[in-house]
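Here is a short report on one protein chain, written to be read with the model open. Keep the sequence at hand and find each residue as it comes up.

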Amino acid sequence: MRITIAKGDGIGPEIMDATLHILQAAGADLQIDEIEVGERVYLGGNSAGISKESWDVIRRNKVFLKAPITTPQGGGYKSLNVTTRKFLGLYANVRPCKSLHPFVQTKHPIMDVVIVRENEEDLYAGIEHQQTDEVVQCLKLISRPGCEKIIRYAFEYAKQQNRKKVTCFTKDNIMKQSDGLFHKVFDEIAIEYPAIENEHWIIDIGAAKLADTPEAFDVIVMPNLYGDVLSDVAAQITGSVGLAGSSNIGEECAMFEAIHGSAPRRAGQNLANPSGLLQGAILMLIHIGQTEVAEKIQNAWLKTLEDGIHTYDIFKEGMSQEQVGTREFAEAVVARLGQMPRTLQSVSYDASYQMNLPKYQRKPAKSKSLEGVDLFVHWAGEDPNELAEHVRQLNHHGVELSMITNRGIKVWPEGFKETFCTDHWRCRFKSTNKEITKASIVALLMRAEELEIDVVKTENLYAFDGTSAYSLGQGQ
Ligand code: NAD
């Protein structure tokens with residue numbers, strides 16, 4: 001099997017060498033193409049941190065084992081991780097977080113949670129604009145294909161790994177459209193897996209429960225931002241964020257890595273713990289079907305930790321036997337290949353179940369009707385009634401001002417004088433009949449221009465199959 005590797009920055013080269021040494025000693029069948037990505041490429045003038053030739057290698061081999069890289073601060077450098085995930089369509093980020101009690105100190109001795117994080121959309125679409133002096137916005141995009149793919153992946157993963165439950169975290173009590181879609185698709189897909197328990201938690205109490213009682217969870221699927229935050233929390237409360245690996249899975253390609261960064265202060269000193277990247281490499285071996293080698297390495301790694309051979313980050317007087325460097329830790333794992341842990345549970349991977357991940361099928365289009373438009377207006381006044389008087393001049397041919405909100409809170413009609421207002425106002429115009437045309441929106445905008453109303457953006461108000469599909473104002 002031909003794979004691509006990148007040694008990355010900071011502690012990257014050391015932990016990659018240690019990992020490759022273990023893979024080779026365990027008999028992994030790998031031919032390796034190495035590419036250069038990261039700091040040197042960025043500072044050489046390539047703001048993406050990767051050359052075209054390197055992309056070609058990654059796309060040809062399809063499997064990529066990547067050490068952490070340093071994203072230089074400022075200067076318009078884009079995170080290569082985010083770019084790679086999106087370019088290659090790596091929609092599923094899978095992070096197993098398991099306690100290694102009592103060998104790695106943790107408040108949660110019984111914890112074995114897998115976070116399945118949506119990896120391509122949500123606020124990570126990175127679409128941001130400043131619209132007024134006081135307000136910037138970031139668009140949260142949630143798509144049906146995005147939801148279907150990640151949620152099906154979570155259930156298929158649970159089925160393959162013989163896990164019992166899939167939990168969904170969203171904030172759909174507040175974001176009824178976007179998180180609402182994620183939750184709705186979760187309910188739709190869960191029905192197809194009657195043998196797997198399913199549940200939904202509102203993210204705030206779900207996160208609190210995860211941090212407090214992680215043993216209550218098994219597989220948890222969630223949108224991108226929540227998954228980003230909570231997978232670090234989950235990894236950290238197993239005892240160390242430095243012990244976790246992750247996979248990024250797409251329809252064609254996959255990337256495997258440690259979840260920690262390049263820890264530049266620890267670089268070049270033979271100090272870093274290679275376990276996170278090694279865990280990423282084990283996920284890779286399972287992905288490419290080399291499960292026996294994966295098992296052999298994982299069991300030897302567990303035995304090494306049990307024997308108290310620890311790098312500085314997990315070394316603990318009384319529990320640890322010997323503090324070792326990166327290279328010595330790798331040698332200790334190699335020396336234990338073929339051995340089983342005694343206290344920790346040994347692993348046996350069965351990937352014989354081929355996940356059923358069909359390509360997304362576009363649904364038949366719904367009938368879409370235009371019910372109105374939100375005009376977002378930059379206005380530095382204070383009294384919403386004054387603004388209402390002004391923008392009501394735009395009322396025409398069955399399109400009328402129905403509401404003004406400020407940061408989503410209704411301030412007209414019948415607002416509260418206590419409500420704090422910025423210079424960013426949403427003026428909702430709705431049709432008094434059933435439907436309006438785009439031409440009436442254009443007419444509205446032209447009239448706004450004449451009246452010197454500073455419209456900074458518009459958002460069309462649609463109904464799909466007769467159901468209005470936009471949020472109400474808070475308090476409406
Ligand atoms: P970091 O994870 O690199 O390091 C934080 C601290 O954790 C370190 O100071 C070190 O004490 C400890 N640590 C991390 N990994 C360790 C290991 N393997 N062994 C022992 N100790 C370890 O986070 P940071 O300092 O915030 O970020 C440093 C750089 O890494 C930044 O440029 C950031 O952009 C980048 N980064 C890259 C990735 C990636 O490539 N996937 C992920 C996160 C951060």
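## Two buried loop residues

Ala-244 sits in the loop between α8 (224-237) and β11 (245-249). The model is a predicted one. Ala-244 has a relative accessible area of 5%. That is under the 20% limit, so Ala-244 counts as buried. What does Ala-244 touch, leaving out residues up to four places away in sequence? Its contacts are Pro-96, Ala-235, Ala-258, Ile-259, Gly-276 and Gln-279. Ala-330 is 86 residues from Ala-244 along the chain, and 16 Å separate their C-alpha atoms.

Leu-344 is also a loop residue. Its loop runs between α11 (326-335) and β15 (368-378). Leu-344 is buried, with 9% relative accessible area. Neighbours within four places in sequence aside, Leu-344 is in contact with Leu-100, His-101, Phe-103, Leu-302 and Glu-306. Take Phe-103 from that list. Phe-103 and Leu-344 are 241 residues apart along the chain, yet their C-alpha atoms are separated by 8.9 Å.

## Domains

How is the chain divided by the domain assignment? Domain 1 takes 1-88 + 251-348, domain 2 takes 107-238 and domain 3 takes 368-468.

Now look at domain 2 and domain 3. Their centres, taken over C-alpha atoms, are 34 Å apart. Seven residues of domain 2 are in contact with six residues of domain 3. About 640 Å² is buried between domain 2 and domain 3, and carbon and sulfur atoms give 51% of that area. Which kinds of pairing occur here? The count is six residue pairs in polar contact between domain 2 and domain 3. The salt-bridge count across this interface is zero.

## Salt bridges

Side chains of opposite charge can pair when their charged atoms come close. Over the whole structure, the search finds 31 salt bridges.

| Arg-163 | Asp-112 | 2.8 Å |

Start with the salt bridge between Arg-163 and Asp-112. Arg-163 lies in the loop between α5 and β8 (165-170), while Asp-112 is in strand β5 (residues 112-118), so the pair ties together parts that are 51 residues apart in sequence. Arg-163 is buried at 18% relative accessibility. Asp-112 is partly exposed at 30%.

Asp-307 counts as partly exposed, at 22%.

Lys-457 is buried, with 17% relative accessibility. Glu-459 has a relative accessible area of 38% and is partly exposed.

Salt bridges can also share partners. Arg-144, Glu-148, Lys-184, Glu-188 and Lys-363 are joined in this way into one network.

## Arg-144 in detail

Where is Arg-144 placed? It belongs to helix α5 (residues 144-160). Its side chain makes a polar contact of 3.0 Å with the side chain of Glu-188. Residues up to four places away in sequence aside, Arg-144 touches Leu-181, Lys-184, Val-185, Glu-188, Tyr-360 and Lys-363. Among these, Lys-184, Glu-188 and Lys-363 also belong to the salt-bridge network.

## Cysteines

How many disulfides does the structure hold? The number is zero. Cys-97 is in no disulfide, and the nearest cysteine sulfur belongs to Cys-168, 17 Å away. Cys-97 counts as buried, at 3% relative accessibility.

Cys-421 is in no disulfide either. Its nearest cysteine sulfur is that of Cys-427, 11 Å away. Cys-421 is partly exposed, with a relative accessible area of 22%.

Key: Residues numbered from 1 in each chain as written. Predicted model: local features only at pLDDT ≥ 70, side-chain atom pairs only at ≥ 80, totals over all residues. Heavy atoms only, no water. Disulfide = S-S within 2.5 Å. Buried < 20%, exposed > 50% of the residue type's maximum accessible area, 1.4 Å probe, protein only. Helix = DSSP H or I, 4+ residues; strand = E, 2+ residues; numbered from the N terminus. Polar contact = N/O pair within 3.5 Å; in protein donor to acceptor, adjacent residues only side chain to side chain. Contact = heavy atoms within 4.5 Å. Domains from an automatic or database assignment. Buried area = accessible area lost by both parts, 1.4 Å probe. Salt bridge = Lys/Arg side-chain N within 4 Å of Asp/Glu carboxyl O.
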